[in-house]
Amino acid sequence: MGEKEEDTEEAWLQLRPVEPLPSQCCGSGCSPCVFDLYHQDLARWEAARASNDRSLLSGKQLQSCPSKLSPETFLAFRISALDKLTKDTYHVRFALPGNSQLSLHPGQHLILRGIVDDLEIQRAYTPISPANAKGYFEVLIKCYQTGLMSRCIKSWRVGDTAFWRGPFGNFFYKPNQYGELLMLAAGTGLAPMVPILQSITDNADDETFVTLVCCFKTFESIYLKTFLQEQAHFWNVRTFFILSQEKSPEQLPWSYREKTHFGHLDQDLIEELVSRCRRKPFALVCGSPKFTEDMAKYLLCAGLTKDSYFLF
């Protein structure tokens, strides 16, 4: 008798995992990476094929009823609210079942999965909602004109579903761990700073000083103005803004004029910020690769050591 159809070489080859394309890696150094998962699935397939046992193939699947966030498995979350903050930036809320929580540390990020023209892509985004938020989580997403994931996000509507896995990230904040946090954020690099800052101001026993420096092109492009103004009212929080395409303070509201600098966050300004810290600072940096590289260089020149800053 011949082999069963399901046990033929061709049938097994059809079940072989497909190696990810470079576009499917978000480039954020996640562990496990999409390529790590591919090699795990490939090893599982090879073992199943060697023993001719398809039951060994039972592995990760997309789950539509999230129970617990997983770095390896994409879970489906429903979009419950979607606001366009600027011409290219969206504030999106996703529903969690009941009063459940996302269970991640402030500043950790998730990986979003999208499909565009039958091409799977993955990108990293950091929730801006409080770490203890119940029943929801929120992300801040900037879209780019030629971005593949941006095409996917621009098509989102309330009620749609998006697939996430995680959490990832190696910065774990502990109350009173540092005398002062110097947060340097450019654009959506503000995202990981938001839950860390809120975890400090929500905790009456946390006496960490915070200096938050936000870099944007214009005043209109500043995200989360209300939140940032509220946080600046706390005794231990100071906020500053760097606007690269504004020139006149007269065009700004009075409450922003004294804490806004025009131009770019350069070496001189970093040295001034470090010198004005009330306690020995630990710096957090998030922005474009060029911004992150420049800030690391400036911080070292300002006297900080490599173990005195973290680059998201």
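**Exercise 1. Strand pairing**

How many bridges join strand β3 (residues 109–116) to strand β6 (residues 161–168), and in which direction do the two strands run?

Solution. Before counting, note that this is a predicted model: local features need pLDDT of at least 70, side-chain atom pairs count only at pLDDT 80 or more, and totals for chains, interfaces and linings use all residues. Residues are numbered from 1 along each chain as its sequence is written, and side-chain values use heavy atoms, with hydrogens and water left out.

- Step 1. Strands here are DSSP runs (E, at least two residues) and helices are runs of H or I of at least four residues, both numbered from the N terminus; two strands pair if DSSP finds at least two bridges between them.
- Step 2. Between β3 and β6 there are 4 bridges, and the strands run antiparallel.
- Step 3. As a landmark, look for I111, which stands opposite R165 in β6.

**Exercise 2. The sheet around that pair**

Solution. 

**Exercise 3. An annotated site**

Which residues does UniProt place under "binding site", and is K142 buried, partly exposed or exposed?

Solution. 

- Step 1. The unreviewed UniProt entry places this feature at R123, Y125, L140, K142, M149 and S150; such annotations may be inferred rather than shown by experiment. Although spread over 28 residues of sequence, these positions cluster in space, with a largest C-alpha distance of 13.6 Å.
- Step 2. K142 belongs to strand β5 (residues 136–142). Its relative accessibility is 26%, so K142 counts as partly exposed (buried is under 20%, exposed over 50%, partly exposed in between, with a 1.4 Å probe and protein chains only).
- Step 3. M149 sits in helix α3 (residues 148–154) and is buried at 3% relative accessibility.
- Step 4. Now list contacts (heavy atoms within 4.5 Å), not counting residues up to four places away in sequence. K142 touches D88, T89, S150, T188 and Y223, while M149 touches a set including R123 and Y125.

**Exercise 4. A loop threonine and the strands beyond**

Where does T208 lie, and which side chain does its own side chain meet in a polar contact?

Solution. 

- Step 1. T208 is found in the loop between α4 (193–201) and β8 (209–216). With a relative accessible area of 0%, T208 is buried.
- Step 2. Its side chain makes a polar contact with the side chain of Y173 at 2.9 Å. Such a contact is a pair of N or O atoms within 3.5 Å; within protein, one must be able to donate a hydrogen and the other to accept it, and residues adjacent in sequence count only if both atoms are side-chain atoms.
- Step 3. A polar atom of the T208 side chain also lies 3.5 Å from the backbone oxygen of Y178.
- Step 4. Follow the chain into β8, which 7 bridges join to β9 in parallel; T211 stands opposite R238 in β9. Strand β9 (residues 237–243) is largely enclosed by the rest of the structure because 6 of its 7 residues are buried.

How values were computed. Contact means heavy atoms within 4.5 Å.
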